[in-house]
Amino acid sequence: MMTSPDTVWLQERTALEILSPTVLEAIAQVMELQVVPANTTLVSEGSPPQALYIVQSGQLESEPSETNSALPRGFLPGEVIHLKELLLDESTPFTITTISECQLWVVPADKFRALVTQYPEINQAFFRLLAQELAEVTSALSYEQERTVALRPYLVTKAQRGIVGTSRYAVRLREQIREASSDRKSVEIFGEPGLEKDNIATLIHFSSPKRREPIIKINCGILQTSGAELFGRAGGKPGLLEWLGEGSLILNNLQELPPELLPEVADLLSKNTYTPISRPGEPKAESRKSHARILIVSEKADSQIERCIGHVIKVPPLRVRKADIKVQVEYYISLYSRARGLSKPHITPEALRRLQTYDFPGNLKELKNLVERAIVQVGEGKELTEEIFWSAEPQKKQFRVNLLNAYPGLRRFLRSDWWPDRINYGFTFAAFAFLVGVLFIGPQTRDRNFALNLFWAWWWPFFLFLFPFLGRIWCSVCPFMIYGEITQKLSLKLFPHKLQRWPREKAEKWGGWFLFGLFTLIFLWEELWKLEDTAYLSGCLLLLITAGAMIFSALFERRFWCRYLCPIGGMNGLFAKLSMTELRAQQGICSASCTTYQCYKGGPQKGEGMETNGCPLYSHPAQLEDNKDCVLCMTCLKACPHRSVEFNLRPPGIELWTTHVAHNYEVALLFLLLGGIYLHRLPELQAWLGLNLDLTIFWQHLGLSVVVLIIPAGICLLAYGFTQLFNSGRKPKKFIELAYGYLPLVLGGNFAHYLRLGLGEGGRILPVTFATFGLNGEQLPVLIAHPAVIDFLQGSTLIISVLLTVVLTQNIARQPLKALLWQHLATIGLAAGMWMIIVF
């Protein structure tokens with residue numbers, strides 16, 4: 001049988017190809033060609049089908065209506081119209097209109113029904129086609145379900161709000177959003193924390209033509225270094241880019257992106273391609289095309305990424321948009337009041353002025369939280385007054401660099417359980433017990449007992465050197481409080497009881513004087529009984545301080561001994577004021593965002609904040625004025641869910657002439673440590689002054705020691721008296737404030753004293769260790785400095801200390817150099833005395 005051209009066309013170009021040639025030939029025999037002009041309604045919705053239409057050429061389109069929510073669809077050549085309606089005797093589901101002039105093959109309805117009766121194969125083929133379509137729909141539905149499940153954890157459903165304000169910054173920001181929404185180019189949005197940059201990215205997506213496509217947000221800090229979540233695995237689980245299709249991807253906090261992924265992200269932005277991750281040993285997968293739009297959110301622009309970006313938007317901080325604060329506050333008030341069904345309170349002009357003078361380090365997020373907190377506090381009141389906005393003034397940030405942002409690896413280490421718990425309980429706990437044991441049962445002289453060598457020739461110079469850099473960091477790994485904490489835990493377990501709260505008022509009044517008295521006794525004991533050369537007495541000193549920590553830890557909460565009573569802690573806190581680093585928190589973020597105060601009180605895990613027991617010294621990092629009460633244990637850094645805690649590099653000792661508060665007991669301890677320098681060199685001092693007292697006589701030795709501890713303080717007081725006497729027209733600052741100017745001299749003098757032990761004996765640690773256990777270590781290497789080198793370093797230390805003391809005193813006093821001449825002469829005189837007994 002010959003096959004007509006029309007039959008061939010039906011078989012090759014239409015959905016009727018599933019029919020046999022015999023049936024197709026029968027349909028071709030009854031087809032009539034009809035030309036329909038453009039913009040003509042072919043069929044109307046709800047009407048019975050008049051014919052079977054087969055599009056030969058031209059384009060048609062269905063029109064949506066109120067009763068049919070289906071999206072418009074087009075009909076191209078080869079499309080068969082009304083096949084299902086004729087077979088199932090249904091009405092036309094939608095109106096179809098020609099877009100261009102169309103040529104249609106038309107089979108009248110009655111003739112087609114006759115063919116269906118004559119050829120049952122038509123019904124059978126249709127149902128096979130329907131089953132095939134159903135399988136395809138089911139497959140597509142399954143795919144969409146998998147896609148929804150994959151995207152749901154990251155899905156952004158709507159933008160929170162638009163850009164509020166009329167300032168030029170707000171107007172410009174709205175223009176940039178409109179510009180970025182008009183195309184599909186990638187966008188980088190950067191600015192300070194708290195500016196709701198991710199919301200701006202969301203606004204761009206929902207203002208674009210692809211607003212119906214999904215938009216997801218993923219924090220770069222949680223991405224694996226392989227990038228499998230984004231790119232998927234070759235031959236395995238698809239990545240988010242594949243699931244996303246033509247949607248938008250927000251890469252939030254790009255500064256936290258693993259460095260290994262930066263080249264892949266740059267390729268994605270520049271070439272719109274990515275490569276699925278292959279397993280080790282397998283060949284690299286082929287690159288795939290990405291249709292997603294990438295929106296980058298970061299705190300600062302990245303040069304490598306910026307080259308690949310289509311639009312760059314720098315979001316201005318709130319402190320430069322002071323003109324928008326009023327309308328922003330009104331907006332937040334309306335938003336919160338409407339959400340809670342409250343009457344809208346009014347903000348007073350005074351309160352608004354106070355907000356406008358505040359710099360808002362937390363930006364919009366901080367302002368929003370301040371407004372909501374104020375509404376809660378005002379309760380039934382109608383006005384938000386100045387007193388309700390109790391946010392503290394921002395901490396001065398001049399000359400500070402947050403090392404945790406500059407070195408993310410440092411943040412990870414300080415938040416890990418290595419610092420300080422693993423160090424303390426994995427090493428220091430056992431090492432301290434071993435060293436104390438060696439002090440008691442080993443040889444008793446420093447040249448034959450390595451524990452005594454470590455204590456006097458290593459520990460003292462090392463941590464005196466460390467104070468200007470890391471402040472009171474020794475206290476975070478201090479063995480005294482490790483045993484104190486263990487005692488506290490054991491006492492609670494064996495004898496369940498409630499630990500006493502700190503008697504803060506008494507401790508603040510008398511604690512400093514207690515540790516001053518204890519340090520005085522330690523100095524006298526060290527001098528009169530030669531602790532530096534008597535191992536078991538050095539061990540007794542360590543055990544006595546440990547006993548104090550253990551006793552007070554069994555009685556009081558946390559580290560009461562460490563904060564108020566420990567003599568070593570008191571010295572550490574004093575010298576820590578000179579440190580070039582500090583741990584602080586952003587006051588604005590703490591006051592606006594924090595409601596749990598977990599860094600201070602402790603509590604369970606919250607966000608990225610870990611579970612902790614709170615600050616062991618009961619210090620809040622946002623309220624610290626100096627380094628005295630911070631041991632750098634980093635508990636607050638681990639507990640904070642808002643990333644408020646900072647570890648700053650700063651000008652050394654800047655607090656001493658800015659925010660410092662002087663205390664009598666600290667000044668007393670300062671001058672005690674100053675006198676201790678001369679006490680350590682009592683034989684040299686006697687020789688220099690030409691004294692011939694017999695130091696083997698206890699009372700003469702004790703009397704001279706007490707006098708030597710007192711005289712340096714007397715010299716400083718005398719210099720202050722002359723300063724007052726010869727500057728009657730200009731009132732100097734109080735002595736208790738100016739006395740802190742001597743701190744560099746005190747630290748430098750002590751360091752110069754211990755340098756001889758550190759450089760002259762510290763390098764003998766190997767033979768001394770062998771000698772401790774009765775072995776001959778004379779052939780072991782020794783590393784010691786030449787006496788001339790030691791003298792040079794000691795002299796340089798004293799000279800630098802004098803210069804720093806003069807500079808610090810001038811900064812504290814804020815007076816002309818001439819007005820403080822007597823104090824500077826006292827500094828030079830004290831340093832000259834140190835030179836004579838330490839260097840010569």
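In the side-chain classes used here, Ala, Val, Leu, Ile, Met, Phe, Trp, Tyr, Cys and Pro count as nonpolar, Asp, Glu, Lys and Arg as charged, and the others, Gly among them, as polar. The structure described below is a predicted model. The report turns to its cavities first, then to salt bridges, cysteines and the backbone.

The largest cavity has a volume of about 210 Å³. Its lining consists of 19 residues, and those closest to the centre are Leu515, Arg563, Gly570, Lys628 and Tyr665. Two or more lining residues come from each of the elements α20 (504–528), α22, α23 (567–576) and α27. Of the elements, α20 contributes the most to this lining, with 5 residues. By class, the lining of the largest cavity comprises 8 nonpolar, 5 polar and 6 charged residues.

## Salt bridges

Across the whole structure, 30 salt bridges are found. Three of them are described here.

A salt bridge joins the side chains of Arg400 and Glu582, with an N to O distance of 2.8 Å. This pair links distant parts of the chain: Arg400 is in the loop between β17 (383–384) and β18 (401–402), Glu582 is in strand β19 (residues 581–585), and the two are 182 residues apart. Glu582 counts as buried, because its relative accessibility of 1% falls under the 20% limit.

Glu582 also meets the side chain of Arg650 in a salt bridge, at 3.1 Å from N to O. Arg650 lies in the loop between β20 (645–649) and α27 (664–680) and Glu582 in strand β19, so this pair ties together parts that are 68 residues apart in sequence. Arg650, with 4% relative accessibility, is buried as well. Through salt bridges with shared partners, Arg400, Glu582, Arg584, Arg650 and Glu655 are joined into one network.

The side chains of Arg559 and Glu485 form a further salt bridge, with an N to O distance of 3.1 Å. Here too distant parts of the chain are linked: Arg559 is in the loop between α21 (535–555) and α22 (560–565), Glu485 is in helix α19 (residues 479–494), and 74 residues separate them. Both Arg559 and Glu485 are buried.

## Cysteines

How many disulfides does the structure hold? The count is 0. Cys308 takes part in no disulfide, and the nearest cysteine sulfur, that of Cys220, is 15 Å away.

## Backbone features

A cis peptide bond joins Trp419 and Pro420, with omega of about -15°. Pro420 is placed in helix α17 (residues 418–441).

Asn39 has a positive phi of about 60° although it is not a glycine. This residue is found in the loop between β1 (32–36) and β2 (41–43). Asn272 likewise has a positive phi, near 60°, and is a residue other than glycine. Its place is the loop between α10 (262–271) and β12 (273–274). Is Asn39 buried or exposed? With 68% relative accessibility, Asn39 counts as exposed, whereas Asn272, with a relative accessible area of 33%, is partly exposed.

The relative accessible areas of residues discussed above are collected in the table.

| Residue | Relative accessible area | Class |
|---|---|---|
| Glu582 | 1% | buried |
| Arg650 | 4% | buried |
| Asn272 | 33% | partly exposed |
| Asn39 | 68% | exposed |

Terms used
Residues are numbered from 1 along each chain as its sequence is written. This is a predicted model: local features need pLDDT of at least 70, side-chain atom pairs count only at pLDDT 80 or more; totals for chains, interfaces and linings use all residues. Side-chain values use heavy atoms; hydrogens and water are left out. A salt bridge is a side-chain nitrogen of Lys or Arg within 4 Å of a carboxyl oxygen of Asp or Glu. Helices (H or I, at least four residues) and strands (E, at least two) are DSSP runs, numbered from the N terminus. Buried means under 20% relative accessible area, exposed over 50%, partly exposed in between (1.4 Å probe, protein chains only). A disulfide is a pair of cysteine sulfur atoms within 2.5 Å. On a 1 Å grid over the protein atoms alone, a cavity is a set of points where a 1.4 Å probe fits but cannot get out, and a pocket is an open set with protein on both sides within 12 Å along at least five of seven lines; lining residues have an atom within 4 Å of a point. Grid points are joined across faces, edges and corners, and a volume is the space filled by probe spheres set on the points.
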